[in-house]
Amino acid sequence: MKEANIIAKFRAAMPGHWTSIENSVTSGVPDYVASVNGHMCWIEFKRLYGCDIILRPLQRTWMVRELRHNNKVVVAYWDEGPAVIDARELLIVEPKEKGGKLYYDVLDYESVYAGEVIRGFEDIHKYLFED
């Protein structure tokens, strides 16, 4: 599924204030910042390539810097439905590097690293915007 379609599905299903912030001036900044009732989250939307989420090194660097300030950053994608991975957990995974891009295998994340993928709009909303 195209990234634009994934974004449209998330925005239609999840209430809140969504601001598109990705731009060509500041490399690595996620696609959106979303907020609901005082809870804010940075969201990088990705389509899957097989089982891989692909990040550019500057995206990873930006996420690491933001996580140091204890802000919530997630990677959202579509895999038979909506799914998100907390960037703090995803970045623990050792990516494969090809052509200057970082490939994170979702299957490795779940099985080898026992990472949690949050699935379904209701659970995603709770994870992102509730205490």
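Does Arg88 count as buried or partly exposed, and at what relative accessibility? In this predicted model, Arg88 has a relative accessibility of 43% and therefore counts as partly exposed, since that category lies between the limits of 20% for buried and 50% for exposed. The side chain of Arg88 forms a salt bridge with that of Asp86, with a distance of 2.8 Å from N to O.

The salt bridge between Arg88 and Asp86 is one of five that the structure holds. Another brings together the side chains of Asp52 and Lys96, for which the distance from N to O is 3.8 Å. This pair links distant parts of the chain, as Asp52 belongs to strand 4, which covers residues 52-55, while Lys96 belongs to strand 7, which covers residues 96-98, and the two are 44 residues apart. With a relative accessible area of 10%, Asp52 is buried, whereas Lys96 reaches 38% relative accessibility and so counts as partly exposed.

A further salt bridge is found between the side chains of Glu44 and Lys46, where the distance from N to O is 3.6 Å. In this pair the glutamate and the lysine are both buried, which means that Glu44 and Lys46 each have a relative accessible area under 20%.

Key. Residues numbered from 1 in each chain as written. Predicted model: local features only at pLDDT ≥ 70, side-chain atom pairs only at ≥ 80, totals over all residues. Heavy atoms only, no water. Salt bridge = Lys/Arg side-chain N within 4 Å of Asp/Glu carboxyl O. Buried < 20%, exposed > 50% of the residue type's maximum accessible area, 1.4 Å probe, protein only. Helix = DSSP H or I, 4+ residues; strand = E, 2+ residues; numbered from the N terminus.
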